Amino acid sequence: MSATGTSRGHVVVVGAGVAGLAAAHRLLERGARVTVLEASGRVGGKLLPGEIAGVRVDLGAESMLARRPEAVALAREVGLAGRLQPPATAGASLWTRGALRPMPKGHVMGVPGVASALSGVLSDEGLARVEREAGLPRTEVGEDVAVGEYVAARLGREVVDRLVEPLLGGVYAGDAYRLSMRSAVPQLFEAARTHTSLTEAVRGIQAKAATAGQTGPVFMGIEGGVGSLPLAVAESVGARGGEILTGAPVTELRRTAPPAPSAVSASTPASAPASGHAAEQPSTVWRVVAGGRVLHADAVIVAVPAPAAAALLAAESPEAAAELRAVEYASMALITLAYRRSEAAALPAGSGFLVPPVEGRTIKASTFASQKWGWIADEDPDVVVLRTSVGRYGETEILERSDGDLVDVSRRDLEAATGLTATPLETRVTRWTDGLPQYPVGHHARVARVREQVAKVPGLAVCGAQYDGVGIPACVASAHAAVDQIHGDLRAVRELTAHPVQSLHGGAGE
C-alpha cells in the first residue's frame, strides 16, 4: 500500500484482539485484501465469553463506554444492534470504613467539585481537608503528573485512597500514585492546567457536561456478553473475504524486495526463499512469516501487546521496539461464582462494589452480574451470578495461589461485605497474566515516540490497549487510526496521541 493510500493492497494484521479485528473490519471497508494472524487458538483477546451453571457470562471485560461512539458503532455494524443493553442498575457501592456505602455522585474519577459530594466516604478530617483546597496556591502539573500525587497534594491522601484509587484500580489494576493523569484522566489533566483550584476545575468539567446535555447510558453491554463482539466482528471479516488464521504466531516481520510475480498472491512454505526482482519493482513489500507460512503484504498493522510488538518491530524499527519493551503490565484474575437465588437473599441491591486497597482486603471489586445485566438474570431466574477480581500492579503472590484458594478468599470477603454465606453451585477462575498495560507518568510521551518511529517505516502502523486507552472504544479508535495511517492520513493518530481516550467515565453528573 503506497503512501498515497491505494486501498486495494494486501494488508496483514498481527493480532486478533478487538483492536486487530476492528482494523481488519475497517480495512475491508476500504477495499483491502486482509489476512489476520493470531498466535493463540482463538480471537477476542481480553474479551472472552463463557458459561457458568448454564448461564452465559463474560470471563473478561464485561462492558464498554457508551459515551464514546466507536465500540457501540462497531457492534451495530456487525449486527449486534438488537443485543445492546445498558446496565439494569447503576447503583454501585464502596466497601470502606466497615460498610458498603453508596458510590458518591458529582465527582470526576473520584475528585469532587465540593467536599459534601464525598460525605459518608471520607472522615470529618478528610472532608475538612477538601474544603481547604480552594485556598491553596497553584500546583503545577507540567507535562504530566501522577494522579494520586497531584490529587493528594490538593485534597489530601484520603480522597485518593478511598475513592480515586479503587476507581482507577478497576480500570488499570494500577497504582494511582504512579498512573499518569495526562493519559488516564485526560479531562482532569487539561482542566488542572487552566485552574488554580482542583475542585473549581472539577466544577468546570461538570458545568461543561451539563451544557453538552449528554443523555443515554454511560456504559453498554451486549446480550450474551461483550465477549460476543469480537466473534461477530470476526464473522463479518470472514463474510467480506478476510482471512483469519489462529494458532499462527508471527516469527518474522521484515521489509524486503517484492517476491517473484508467481508468488505474489500466494503464501509459501517458511523454508522458501524470498526472491524478487528489485530492478523491475523497486518498491518494497512486507515479508511475514507465521505458522510455517510466508505471506507478502503491502502493509502491516501490529495489534498485539507491547512485548510481542517489540519483538516484531525490532528489525525494522528498533527505536520503537525499545520504547515498547519498557511498557509494564499488571496481572489479575476474575473469579465467577453462581448461586441458587433462594440462597443469595443476603445480597444487597445494586451492581456491586469497589474496595479501596487501604482496606486491606484481597478482592478489589465485586460485580453482582445478575443484577447489573438483565440478560444474565433472564437466562435462568433461579441462578445468581457474581464476579470478584483480585490482583493489582506489583502484586504477584495472590495470583500464584490455586483456583480453590482464590475462590475461598473471594467467598470470605463477600461474606464480610454482604453477609452471603451460601455455597456456590459452580465457580470459575480466569487469569489474565500481564493483561493490563500500565500508564505511568510520561506514558503519553512514550506513545508519541513510538508513533514517531513507526511513521518512518512505510506501510506500518500499530494499535491496541498500550497506546491510547485500555477500554474497548479506545482500542477501536486506535485501530481506525492505524488504518488511516497506512492510507497516508496521520490526523487520527496525532489526535489520539495528543488526546487519549478516557477509559472510564469520570462521574461528572453521575
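## Cysteines

C475 counts as buried, at 8% relative accessibility; buried here means under 20% relative accessible area, exposed means over 50%, and partly exposed covers the range in between, computed with a 1.4 Å probe on protein chains only. The model is a predicted one, in which local features need pLDDT of at least 70 and side-chain atom pairs count only at pLDDT 80 or more, whereas totals for chains, interfaces and linings use all residues. Residues are numbered from 1 along each chain as its sequence is written, and side-chain values use heavy atoms, with hydrogens and water left out.

C463 is likewise buried, with 0% relative accessibility. A search of the whole structure finds zero disulfides, a disulfide being a pair of cysteine sulfur atoms within 2.5 Å. The closest cysteine sulfur to that of C463 belongs to C475 and lies 8.2 Å away, which is too far for a bond.

## Aromatic pairs

The count of aromatic pairs comes to three, where rings of Phe, Tyr and Trp (its six-membered ring) pair if their centres lie within 6.5 Å, and planes under 30 degrees apart count as stacked, over 60 as edge-to-face and the rest as tilted. W95 and F353 form an edge-to-face pair, with 5.8 Å from centre to centre and 80° between the planes. W95 belongs to strand β7 (residues 92-96) and F353 to strand β19 (residues 352-354), so this pair ties together parts that are 258 residues apart in sequence; helices (H or I, at least four residues) and strands (E, at least two) are DSSP runs, numbered from the N terminus. Both W95 and F353 are buried.

Y172 and Y439 form a tilted pair, with 5.4 Å between the centres and 50° between the planes. Because Y172 lies in helix α5 (residues 157-172) and Y439 in the loop between β22 (426-437) and α15 (443-454), the pair ties together parts that are 267 residues apart in sequence. Y172 is buried, with a relative accessible area of 1%, and Y439 is buried with a relative accessible area of 0%. Ring pairs also link W95, F353 and F368 into a cluster.

## Nonpolar cores

In soluble globular proteins, nonpolar side chains tend to be buried together. The largest nonpolar core has 44 residues, of which L27, V34, M64, I222, L229, I301 and I472 touch the most other members; such a core is a set of buried Ala, Val, Leu, Ile, Met, Phe, Trp, Tyr and Cys residues joined through side-chain atoms within 4.5 Å. The elements that each supply at least two residues of this core include β1 (10-14), β2 (33-37), α9 (228-239) and α17 (472-486), while α1 gives the most, with eight residues. A second, separate core of 43 residues includes V108, M181, A184 and L354.

Not counting residues up to four places away in sequence, I222 touches M64, A75, L80, R83, L84, S228, L229 and W375, contact meaning heavy atoms within 4.5 Å. In helix α2, the residues E70, A71, V72, L74 and A75 are buried, and what covers the buried residues of α2 includes α1, β5 (64-65), β6 (84-85), β11, α9 and α17. Helix α2 is followed by G79, whose phi is positive, near 90°.

## The parallel sheet

An open sheet of five strands runs in the order β12-β2-β1-β17-β23, with parallel pairing; two strands pair if DSSP finds at least two bridges between them. Its edge strands are β12 (243-245) and β23 (460-462), each of which pairs on one side only, and the twist averages 15° from one strand to the next.

Within the sheet, β1 and β2 pair in the parallel sense over five bridges, and the bridge partner of V12 in β2 is T35. Helix α10 (residues 306-313) packs on the sheet, touching β1, β17 and β23, and its direction makes about 150° with that of β17; axes are lines fitted to C-alpha atoms, for helices over the stretch in contact, and angles run from 0 to 180 degrees between N-to-C directions.

P458 is placed in the loop between α15 and β23 and counts as partly exposed, at 49% relative accessibility. Leaving aside its neighbours within four places in sequence, P458 is in contact with R255 and W286. P458 and V300 are 158 residues apart in sequence and 9.5 Å apart in space, C-alpha to C-alpha.
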